[in-house]
Structure formats: structure tokens, C-alpha cells
Amino acid sequence: MASRKSSARKVADCRAFPSEKDCSLTVAGTEDEVMKVAVRHAVNEHGHKNTPKLRRDIRSMLKDE
Ligand SMILES: [Zn+2]
């Protein structure tokens with residue numbers, strides 16, 4: 001794998017994401033990893049549509065770990 005060692009870990013906190021569920025999931029990892037899991041979670045658990053807007057919204061709420 002050619003991933004950069006310096007890539008900072010990101011955190012996606014589902015509590016910060018608008019949802020009707022009382023969801024406290026937190027995903028941590030590289031941005032790519034977090035995006036993959038968070039998008040799948042939003043679609044499967046929260047019924048969101050997998051759209052560019054969803055991915056933009058999720059990406060915008062990533063925090064540095
Ligand atoms: Zn959730």
C-alpha cells in the first residue's frame with residue numbers, strides 16, 4: 001500500500017449528523033476509510049440516498065482526530 005504515513009486520522013461522529021435516530025456511532029480512520037463506512041452507514045442505517053450531496057455533507061463534518 002502506498003498510503004501516506006502522515007495522513008491524519010479523521011473522525012465522523014454520527015451525533016453531529018442530522019438524523020431521526022438516536023445514533024451515537026463514531027467512525028475513525030483515514031478520510032477514505034471514514035467516508036466509505038460513514039456513507040454506507042448513512043444509507044443502510046439512516047435511509048439516506050447515496051448522492052454526491054450526502055458525501056459532501058459527510059465529508060464536511062469530518063473532524064481531525
Ligand atoms: Zn448513525
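A nonpolar core is a set of buried Ala, Val, Leu, Ile, Met, Phe, Trp, Tyr and Cys residues joined through C-beta atoms within 7 Å. A residue counts as buried if 20 or more other C-beta atoms lie within 10 Å of its own, as exposed if 12 or fewer do, and as partly exposed in between, with C-beta atoms placed from the backbone. The model is predicted: local features need pLDDT of at least 70, side-chain atom pairs count only at pLDDT 80 or more, and totals for chains, interfaces and linings use all residues. Residue numbers start from 1 along each chain as its sequence is written.

**View 1. Overall fold.** The chain has two helices and three strands, taken as DSSP runs numbered from the N terminus (helices: H or I, at least four residues; strands: E, at least two). Along the sequence their pattern is β-β-α-α-β. Of the 65 residues, 11% are buried. Contacts are pairs whose C-beta atoms, placed from the backbone, lie within 7 Å. Among contacts with a separation of 6 or more, 41% join residues 24 or more positions apart.

**View 2. The largest nonpolar core.** Five residues form this core: Ala-12, Val-34, Ala-38, Ala-42 and Ile-58. Helix α1 (residues 31–46) gives the most, three residues. Leaving out residues up to four places away in sequence, Ala-12 touches Val-27, Val-34, Ala-38, Ile-58, Met-61 and Leu-62.

View 3. Val-34, Ala-38 and Ala-42 are the buried residues shown in α1. Seen down the helix axis, the buried residues fall within an arc of 60 degrees, so they line one face of α1. That arc is taken over the directions from the helix axis to the C-beta atoms. An α-helix has 3.6 residues a turn, so residues three or four places apart point the same way. Asp-32, Arg-40 and Asn-44 are exposed, on the face of α1 turned away from its buried side. The buried residues of α1 pack against β1 (10–13), β2 (26–29) and α2 (52–60). Gly-47 follows α1 and has a positive phi, near 70 degrees.

**View 4. The α1 and α2 pair.** The two axes come within 10 Å and cross at roughly 120 degrees. Axes are lines fitted to C-alpha atoms, for helices over the stretch in contact, and angles run from 0 to 180 degrees between N-to-C directions. α1 and α2 are therefore oblique to each other (under 35 degrees is roughly parallel, over 145 roughly antiparallel, 65 to 115 roughly perpendicular, the rest oblique). Met-35, Ala-38, Val-39 and Ala-42 in α1 meet Leu-54, Arg-55, Ile-58 and Arg-59 in α2.

Notes: Contact = placed C-beta atoms within 7 Å.
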